[in-house]
Protein chains: 4
Amino acid sequence: MTSQALRIVVWGENVHEHTNPQVAAIYPRGMHTVIADGLRALLPAAQVSTATLQEAEHGLSESRLAETDVLTWWGHKAHGNVSDAVVDRVQRRVHEGMGLIVLHSGHYSKIFKRLMGTTCSLTWREAGERERLWVCNPGHPIAQGLGTYFELPHEEMYGEPFAVPPPDEQVFISWFEGGEVFRSGNGYTRGNGKIFYFRPGHETYPTYFDANVRRVIANAAEWARPPVARWMDSCPNAKNSPEKIAAKV
Amino acid sequence: MTSQALRIVVWGENVHEHTNPQVAAIYPRGMHTVIADGLRALLPAAQVSTATLQEAEHGLSESRLAETDVLTWWGHKAHGNVSDAVVDRVQRRVHEGMGLIVLHSGHYSKIFKRLMGTTCSLTWREAGERERLWVCNPGHPIAQGLGTYFELPHEEMYGEPFAVPPPDEQVFISWFEGGEVFRSGNGYTRGNGKIFYFRPGHETYPTYFDANVRRVIANAAEWARPPVARWMDSCPNAKNSPEKIAAKV
Amino acid sequence: MTSQALRIVVWGENVHEHTNPQVAAIYPRGMHTVIADGLRALLPAAQVSTATLQEAEHGLSESRLAETDVLTWWGHKAHGNVSDAVVDRVQRRVHEGMGLIVLHSGHYSKIFKRLMGTTCSLTWREAGERERLWVCNPGHPIAQGLGTYFELPHEEMYGEPFAVPPPDEQVFISWFEGGEVFRSGNGYTRGNGKIFYFRPGHETYPTYFDANVRRVIANAAEWARPPVARWMDSCPNAKNSPEKIAAKV
Amino acid sequence: MTSQALRIVVWGENVHEHTNPQVAAIYPRGMHTVIADGLRALLPAAQVSTATLQEAEHGLSESRLAETDVLTWWGHKAHGNVSDAVVDRVQRRVHEGMGLIVLHSGHYSKIFKRLMGTTCSLTWREAGERERLWVCNPGHPIAQGLGTYFELPHEEMYGEPFAVPPPDEQVFISWFEGGEVFRSGNGYTRGNGKIFYFRPGHETYPTYFDANVRRVIANAAEWARPPVARWMDSCPNAKNSPEKIAAKV
């Protein structure tokens, strides 16, 4: 069953790339294309495509989502422009089993806040400081192929408290040059779907070219592969009881 | 600090009582008044009041919620009539620390689905069958004053799978005469707020007069008392780092 | 990586089969051989062998455990005869990544109590009653190939409270004819190793011939396959810090 | 019920204080007396006493433990000298409901490893570097009275991976000057007992005089107060079923 090609859609907000020359210089074809390139390089058997905010239905039609195994999500300044209908649809697919990888500022996206049920707030600072991600669980599938830690020379800082439910699986915790820490690789299951929040990826740094970041996203995509079974999530009436019920007055 | 009077609001949808004579016969003054009576009897020091769907802002204005420590929620056929603005407000208060006790068919309320991030679906049957609730964690504050189990002679059945995130604290599991089981007392923390889902309470049975059910709801209200600290849940910029950051090019 | 043959050792206490004619009649070659037969039938690519209490080192030498991916454990009346040295060894292998499937009365084995850190007590009754196991998480790998529930016509009853840490993954909950419930399929991770407790399997019933029981054990063995990485679990001194530390007085 | 005086025993290994002049200079009357002083100052209503390795039964007789609500544990070089009989006894009391606060190098104590079921290993470095403990959950009772973080100017470093089960409650994460991070305030429940692991406290620094460290230990003692109910943790036979069981052949 694991031999079927994994179908991954990389979703990008695709706004900063067109409004901020610094971002455009790093990601001239958009951050989403670079994330997709990384997945294609590491998962040659996967079918990787992209979708963006600007497309009809943000590129996430019912039929396309029905054929998506794992969705990655990067958004920042335009969270409010994502239509509620599409968010409903993505949430439903996660409940059915689609994996979801939420990247960096996606912590404040409608879909992540919906799935967590919390504010997903944190503290932050843009100072281009060094981040070091420590592996908390070396046996976890998402940590395979990494050392005991890896570094990013320049990143935005995200700091605790991170207002999310306690992660089911803690894979990474970040150290920042400026003195903060952050739970930066967090696994959840919601319905049938697996969700991985991965912290790095500020738009003004070439983070999605980094080999370790690419390895993590690829590992997470494999980890988030949908289960075979689909859960009939519809409150069915169980009219016929397995046991005989005594007659009631 | 635990000596301050607990301020509890019992929220009732208050619809079945006016449309179903069977419900009106059991709860002539509304289910919410009976739930409130139970709390007053067991927590004499608490300030217990009620609110209903039909009141302005469903009885849950900003100012009232600001002075509420614990909210109990019963709804069923009119979930869709609860305004999104009020749901937003309740969710925000839970994140700030207000306790929330979700009763029975409240599993499908907007507020519970929002806080869980899942569909909250289950299977069900109305056959007036016997329910037996087993205590899974006899040391839990919500189980104090109960035996190893307690029974309700007639209840609606709710069965697994219950599409919620894994409970942080499993207090009860139910056995049903017709052959099903259900995780029927589930504790969660979301932001600063504690949430307890408690299964029993179908409108056509006098469940909220039951001494054990009342004990559980009162214990849960005490357990869900807000913490002293309030979480500044607003993504603040941490401009001044505790450590000096090396100058960046 | 998942193509390597899974190496499973089925461990059996192998005492009741020789002292209780009723057990000998059902399992003339021992319970362990029947459990192993079930695994071989469903996982033809796996290498399945058995080990028993009576063998030297209970059949679990250092070298054999080093080549074991998943160990299943059934014991009951002779828990106390298992040598502490072998228990130490099994625990170490679980920490390294070996999967462990603990069956029925194995809840009171030294190895399970060690890994849980709790008493693992429960209530019980031998009345040959009906057990129905409900799937709580239809998307879980261990639940694949099953219906919404399955039944065993005659089993020993185990009831709540089950004194274990809250399971990381709740796959089954049991309903018993006599009125109890039990968390009967519980997943844990300890170190690198995955642990699955599966309730059914009293020695006086032909439970390990049951197709659904066999399916669950085979699914659990696949689920418990060790991760690729091994955790250096030895408190190493991190003499060389990634960051320069200011000179101390 | 919360008005009864909390009975706390502070256990100290009490070895380094007699063999290392540097430790003796900071803690001339032993580390345990300083920890006890801190508790007495912050919890004036509590009954605080001390016990050490050198006393008969390490000062932890059956009768004394029976009258202990919360035990704090500091040990390091003499973990192996703690008698297994006393460890058994302490573990039993935790299962009954006694709270346990494990300090610093106590991560490798027999009692903590027993309760966790894992190796409890970590990485470490003695370089007197700065530690900053971040509050991950500002609403948690153990974090009350603290700011968003607090610092210790000189401490031993402990780094991830910390080989413990995923904490039920994550209260603190530490940042270290040398570049590491660590889950440094971890809450668990095992049986009826609450367990808090708190990282700081290397013997060569005056950590237990620090006001924030004292505040955390006092808060944790209150948090770990035993529940009223005691769990009969003894595998009782439930001969009389609540439901009538059909006659078996």
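Q: Against which helices and strands of chain B do the buried residues of H5(B) pack?

A: In this predicted model, the buried residues of H5(B) pack against helices H4 (62-66) and H6 (110-116) of chain B, and also against strands E3 (70-74), E4 (99-103), E8 (181-190) and E9 (193-198) of chain B.

Q: Which residues of H5(B) are buried, and what makes a residue count as buried?

A: A residue is called buried if 20 or more other C-beta atoms lie within 10 Å of its own. In H5(B), the residues that are buried are Val86(B), Arg89(B), Val90(B), Gln91(B), Arg93(B), Val94(B), His95(B) and Glu96(B).

Q: How do you know that the span of helix H5 of chain B agrees with its number of residues?

A: The expected span is 1.5 Å times one less than the number of residues, and for the 13 residues of H5(B), which runs over residues 84-96, this should give 18 Å; the end C-alpha atoms are 18 Å apart, so the two values agree. Just after H5(B), Gly97(B) takes a positive phi of about 140°.

Q: Why is H3(B) called roughly perpendicular to H7(B)?

A: Helix H3 (residues 31-42) and helix H7 (residues 211-223) of chain B pack at an angle of about 70°, with their axes 9 Å apart. Angles of 65 to 115 degrees count as roughly perpendicular, and therefore H3(B) is described as roughly perpendicular to H7(B).

Q: Which residues meet where H3(B) packs with H7(B), and what is their make-up by class?

A: From H3(B), Ile35(B), Gly38(B), Leu39(B) and Leu42(B) meet Arg214(B), Arg215(B), Ile217(B), Ala218(B) and Ala221(B) of H7(B). By class, this contact has six nonpolar, one polar and two charged residues.

Q: What makes the relation of chain D to chain A that of a two-fold axis?

A: Chain D can be laid on chain A by a turn of 180° and a shift of 0.0 Å along the axis, with an RMSD of 0.0 Å, and that is the relation of a two-fold axis. In chain D, the C-alpha nearest the axis belongs to Trp175(D), at 3.3 Å from it. The same surface serves both copies, since 100% of the contact residues of chain D recur in chain A.

Q: How many residues of chain A are in contact with chain B, and which element of chain A gives the most to that side?

A: Contact joins 40 residues of chain A with 40 residues of chain B. On the side of chain A that touches chain B, E5(A) gives the most, with six residues, and by class that side has 15 nonpolar, 15 polar and ten charged residues.

Definitions and conventions:
Residues numbered from 1 in each chain as written. Chains lettered and ligands numbered in written order. Predicted model: local features only at pLDDT ≥ 70, side-chain atom pairs only at ≥ 80, totals over all residues. Axes fitted to C-alpha atoms, helices over the stretch in contact; angles between N-to-C directions. Helix = DSSP H or I, 4+ residues; strand = E, 2+ residues; numbered from the N terminus. Parallel < 35°, antiparallel > 145°, perpendicular 65-115°, else oblique. Contact = placed C-beta atoms within 7 Å. Nonpolar A, V, L, I, M, F, W, Y, C, P; charged D, E, K, R; others polar. Least-squares fit on C-alpha atoms with pLDDT ≥ 70 in both. Buried ≥ 20, exposed ≤ 12 C-beta atoms within 10 Å, placed from the backbone.
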